[in-house]
Amino acid sequence: MIRVGIVGVGKIARDQHLPAIAADPGLELAAVASRSKPDVGVPAFESLEEMLERGPALDAIALCTPPQVRRETAITALRAGKHVFLEKPPGATVGEVGDLSALAAEKNVTLFASWHSRFAAGVPTAKTWLATRKIRNVDIQWREDVRRWHPGQTWIWEAGGLGVFDPGINALSILTEIMPREVFVTDARLQVPENVQSPVAAHLTMTDIEDTPITADFDFLQTGPQTWDITVTAEDGTLRLSSGGARIEIDGQPVVQAADDEYPGLYKRFGELIRAGRSEADVRPLALVADAFLVGTRELVEAFVE
Ligand code: NAP
């Protein structure tokens, strides 16, 4: 039994981590650390330090705070000899995650940089389909309503909060998983509201060593139907991953249709890594976002008011 402590009990911890841990016979939620000290049926502490000092014995820590404070808590947990599950994105910068991987190796514990969208049901099928095909182009349409999915999350708009890349990085985590070759950014256009630090919309142009055209449109102001789609056109057919990767159609025919089951898969993987004494910390999706900020042109747009 792996005894888990959660840090940062907010939307994702409540919606996904608590039920996924409860459903996994190999895991037990032992305590939480969150400034609001929420009552979730286990001892609650104001900080990770307090939980480590005064709480029950823990084997692993799941960090569900915003990315801007991920590094310091990850370092504290790793130094205490705990296995660490990082919510996405694994850090506020690409560089700090390398540092964490080195510390995990030194402490002989597992560091798992989770990318939940890679655990969507259609992703393995898409990866297999793409592996043997000549790809003509890839188009990502990732459009959601920030007011509906992220109410009150002011950290998203601050520096390091990623703005529209907070959901957009999920598409990039799928892209980097299913593409047979490394993908890189060649151009980006970022729309930044005049009163915040992060983009509300972005258009990315990417490619790979074969010059495959890859484009992504990220929009945080989509009302009505929400869109989380990746369409891959190959020489002999078209694959469409939709609903964030839960569904696949090939040439218009449904191939995979599944309910959201990403977090049980993530925790299963975390348990496997711990038992195998291994870490997994892929920073490629975060590097694509960082590169979009590096080469992107910025356009100031209307202030964002929630
Ligand atoms: P959230 O609702 O804002 O929850 C984060 C929690 O972290 C807060 O409730 C807060 O609890 C704690 N916290 C600690 N330091 C904080 C700080 N400086 N600023 C704000 N909160 C702080 O955010 P979330 O949606 O759960 O997202 C957390 C992470 O999970 C993000 O990296 C996000 O990308 C990722 N994620 C979110 C979703 C989603 O659908 N929402 C999906 C997948 C992944 P206390 O006030 O009690 O300390």
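Author: The questions and answers below go from the whole chain to single residues.

Author: This is a predicted model, in which local features need pLDDT of at least 70, side-chain atom pairs count only at pLDDT 80 or more, and totals for chains, interfaces and linings use all residues. Residues are numbered from 1 along each chain as its sequence is written, and side-chain values use heavy atoms, with hydrogens and water left out.

Reader: How many helices and strands does the protein chain have?

Author: Helices (H or I, at least four residues) and strands (E, at least two) are DSSP runs, numbered from the N terminus. By that count, the secondary structure of the protein chain comes to 9 helices and 15 strands.

Reader: What is the radius of gyration of the protein chain, and what would a compact globule have?

Author: The radius is taken over C-alpha atoms, and the globule rule is 2.2 Å times the number of residues to the power 0.38. The C-alpha atoms fill a box of roughly 60 × 45 × 35 Å along the principal axes. For 306 residues the rule gives a value near 19 Å, and the protein chain agrees with it at 19 Å.

Reader: What percentage of the residues in the protein chain is buried?

Author: A residue is buried under 20% relative accessible area, exposed over 50%, and partly exposed in between (1.4 Å probe, protein chains only). Of the 306 residues in the protein chain, the buried ones make up 52%.

Reader: Among contacts between residues at least 6 apart in sequence, what percentage joins residues at least 24 apart?

Author: A contact means heavy atoms within 4.5 Å. Among the contacts in the protein chain between residues at least 6 apart, the share joining residues at least 24 apart is 70%.

Reader: Which residues does A31 touch, and is A31 buried or exposed?

Author: A31 lies in strand β2 (residues 27–33). Leaving aside residues up to four places away in sequence, A31 touches V4, G5, I6, V42, P43, F45, M51, P56 and L58. One of these, M51, is 20 residues from A31 in sequence and 7.4 Å away in space, C-alpha to C-alpha. The relative accessibility of A31 is 0%, so A31 counts as buried.

Reader: How many salt bridges does the whole structure hold?

Author: Side chains of opposite charge can pair when their charged atoms come close. A salt bridge is a side-chain nitrogen of Lys or Arg within 4 Å of a carboxyl oxygen of Asp or Glu. A search of the whole structure finds 17.

Reader: Where do D15 and K11 lie, and what is the N to O distance of their salt bridge?

Author: D15 and K11 are 4 residues apart in helix α1 (residues 11–23), which means that about one helical turn separates them. D15 is partly exposed at 40% relative accessible area, and K11 is partly exposed at 37%. Their side chains meet in a salt bridge with an N to O distance of 2.7 Å.

Reader: Which residue forms a salt bridge with D99?

Author: The closest N and O atoms of this pair are 3.7 Å apart, and the partner of D99 is R71. The pair links distant parts of the chain, 28 residues apart, with D99 in helix α4 (residues 94–107) and R71 in helix α3 (residues 70–79). D99 is partly exposed at 39% relative accessible area.

Reader: What N to O distance is found in the salt bridge of E272 and R269?

Author: E272 and R269 are 3 residues apart in helix α8 (residues 262–276), so about one helical turn separates them. E272 is partly exposed at 34% relative accessible area, and R269 is partly exposed at 22%. The salt bridge between their side chains has an N to O distance of 3.5 Å.

Reader: Which peptide bond is cis?

Author: Most residues other than glycine have a negative phi, and most peptide bonds are trans. P89 is found in the loop between β5 (83–86) and α4. With omega at about -15 degrees, a cis peptide bond joins K88 and P89.

Reader: What is the phi of L162, and what is the phi of D251?

Author: L162 lies in the loop between α6 (146–149) and α7 (165–178), and L162 counts as buried at 9% relative accessibility. D251 is in the loop between β13 (247–250) and β14 (253–257), and D251 is partly exposed at 48% relative accessible area. Neither residue is a glycine, yet phi is positive: for L162 about 80 degrees, and for D251 near 50 degrees.
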